[in-house]
Amino acid sequence: MNVVVVGAQWGDEGKGKLIDILSKDKDITVRYQGGNNAGHTVVVGNKEYVFHLLPSAILHKGKTCVIGNGVVIDPKALLTEIEELEEKGIKVSSQRLKISGRCHMVMPYHRILDGLRETKRKNKIGTTGRGIGPCYSDKVTRCGIRMIDLLNPRILEAKLKDNLREKNETFLKVYDYKSFPFKKLYEEYLDYGKKLKKYVCDTVLYLNEAIDNKKTVLFEGAQGTFLDIDFGTYPFVTSSNSIVGGVCSGTGVAPTRIDKAIACVKAYTTRVGEGPFPTEFSTNLKDDIRKKGNEFGATTGRPRRCGWFDSVLVRYSVIINGISELAIMKLDVLDDLKEIKICTGYKYKGNLYKDFPMDFEVLCNLNPVYASMPGWQSNTCDIREYKKLPKNARAYIKRLEELLKVGVKYISNGTKRDEIIVR
Ligand code: IMO
Ligand code: MG
């Protein structure tokens with residue numbers, strides 16, 4: 001069975017942990033979009049691994065990981081990630097890692113521009129500063145440099161010269177920023193090409209042949225549905241399609257070959273970066289939950305904004321992604337609360353919204369309507385069976401299932417690999 005895991009909120013739902021668990025039963029795990037803006041944390045024993053570009057399945061011996069064409073790669077960051085893993089004893093061979101030659105490269109001018117644009121903007125997005133937006137912009141405006149170009153000195157030279165001619169002028173005139181020297185960049189990226197060459201192949205053929213031969217594939221979403229460029233809280237989004245639909249364009253695997261989509265949600269909501277967040281806490285709860293849930297960005301270390309579970313938001317994700325199973329993560333973070341709220345609708349100017357609105361003004365000024373549930377006020381961390389969860393915790397999960405119209409299959413109640421309940 002070929003399965004997709006996506007985030008149903010604003011990212012950081014705990015996809016890394018779920019992927020780690022599910023990927024041990026799959027032959028291949030594939031990233032299909034985003035770049036090293038992602039930060040997926042997996043805790044094994046007393047070791048913590050943070051992944052940005054590599055699928056976390058690389059931790060499982062004998063499994064293959066693929067970086068699909070929809071991903072943008074900062075080759076320097078990728079090489080560092082590989083190196084750090086190898087230092088921890090995880091061997092990353094060309095048998096275990098395949099990279100699409102069609103992946104676009106994050107260049108230093110993308111990273112710099114990301115920062116400069118943010119400084120100039122009045123309405124800052126709060127990007128991760130990894131050059132993701134500018135890199136995808138170049139892909140769409142057809143001046144991007146791809147992985148395969150790093151393996152061909154003549155093509156790289158022509159493309160880079162063309163790019164720098166325009167970029168150096170723009171950087172100087174618009175941002176008063178010094179120019180990027182051709183020779184240094186050219187040599188640097190040729191060198192990355194030499195180091196990464198062994199992993200590069202046509203991943204479209206690799207994946208489709210594997211599926212023909214009954215191998216199983218797990219597609220790993222980065223970011224979340226509300227950071228999706230089309231369906232997210234635009235413009236406070238990332239620059240790729242993080243939803244299930246992104247799998248097809250980001251890997252070259254057809255929709256007819258995908259069997260199931262699982263959404264990963266946090267038992268509450270978090271968001272890092274700017275943008276509307278209807279259920280954000282306004283009380284001391286924001287500090288309590290941030291502390292208990294260790295809500296600090298895995299990529300940038302920024303404190304995450306925290307709030308109640310928003311069923312209007314997640315229901316929209318369920319629809320967009322065709323979700324048939326849910327994984328609720330970090331349930332234990334709510335263990336101490338006396339009262340737990342779930343947002344069931346929004347009110348704006350006397351109107352009740354049952355569906356997620358597109359209008360930015362509505363999103364920024366609405367008032368959430370909450371259903372209140374009693375907390376369970378006991379430690380759930382050591383529980384491994386659903387029926388052993390406190391009654392109020394089961395009632396909370398049941399209410400979410402009713403509101404979202406989909407069943408909960410996984411409940412994560414701790415950071416470690418085995419701290420999960422499978423129903
Ligand atoms: P994972 O995969 C949470 C957010 C940034 C910013 C917006 C745009 O760990 O869930 P970008 O650098 O992508 O141009 O920033 O998107 N963002 C994330 N937030 N988790 C992520 O990834 C994110 N990747 C990007 O904070 O608001
Ligand atoms: Mg993350």
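**Strands**

I began with β15 (residues 325-329) and β19 (residues 408-412), which pair in parallel over 3 bridges. Pairing here takes at least two DSSP bridges between two strands, and helices (H or I, at least four residues) and strands (E, at least two) are DSSP runs numbered from the N terminus. Within this pair, alanine 327 sits opposite tyrosine 410 of β19.

A note on ground rules: this is a predicted model, with local features needing pLDDT of at least 70 and side-chain atom pairs counting only at pLDDT 80 or more, while totals for chains, interfaces and linings use all residues. Residues are numbered from 1 along each chain as its sequence is written, chains are lettered from A and ligands numbered from 1 in the order in which they are written, and side-chain values use heavy atoms, with hydrogens and water left out.

Next I traced the sheet. It is open, has 10 strands with mixed pairing, and runs β9-β7-β5-β2-β10-β1-β11-β15-β19-β20. β9 (200-201) and β20 (420-422) are at the edges with a single partner strand each, so one side of each has no neighbour in the sheet.

**Ligand 1**

Which residues are closest to ligand 1? I found Asp12, Lys15, His40, Thr128 and Thr238, out of 20 residues that surround it; near means a heavy atom within 4 Å. By class, I noted 7 nonpolar, 10 polar and 3 charged residues in this shell. For the classes, Ala, Val, Leu, Ile, Met, Phe, Trp, Tyr, Cys and Pro are nonpolar, Asp, Glu, Lys and Arg charged, and the others, Gly among them, polar.

A polar side-chain atom of threonine 238 is 2.6 Å from a ligand oxygen, and an N or O atom in the side chain of histidine 40 is 2.7 Å from one. For glycine 126, a polar backbone atom is 3.4 Å from an oxygen of ligand 1. The protein covers 98% of the 540 Å² of accessible area that ligand 1 has on its own (Shrake-Rupley, 1.4 Å probe).

**Loops**

The peptide bond from tyrosine 234 to proline 235 is cis, with omega near 5°, and proline 235 is in the loop between β10 (217-220) and α8 (246-251). Arginine 142 is not a glycine, yet has a positive phi of about 70°; I located arginine 142 in the loop between α4 (132-140) and α5 (153-175).

Technical notes:
A polar contact is a pair of N or O atoms within 3.5 Å; within protein, one must be able to donate a hydrogen and the other to accept it, and residues adjacent in sequence count only if both atoms are side-chain atoms.
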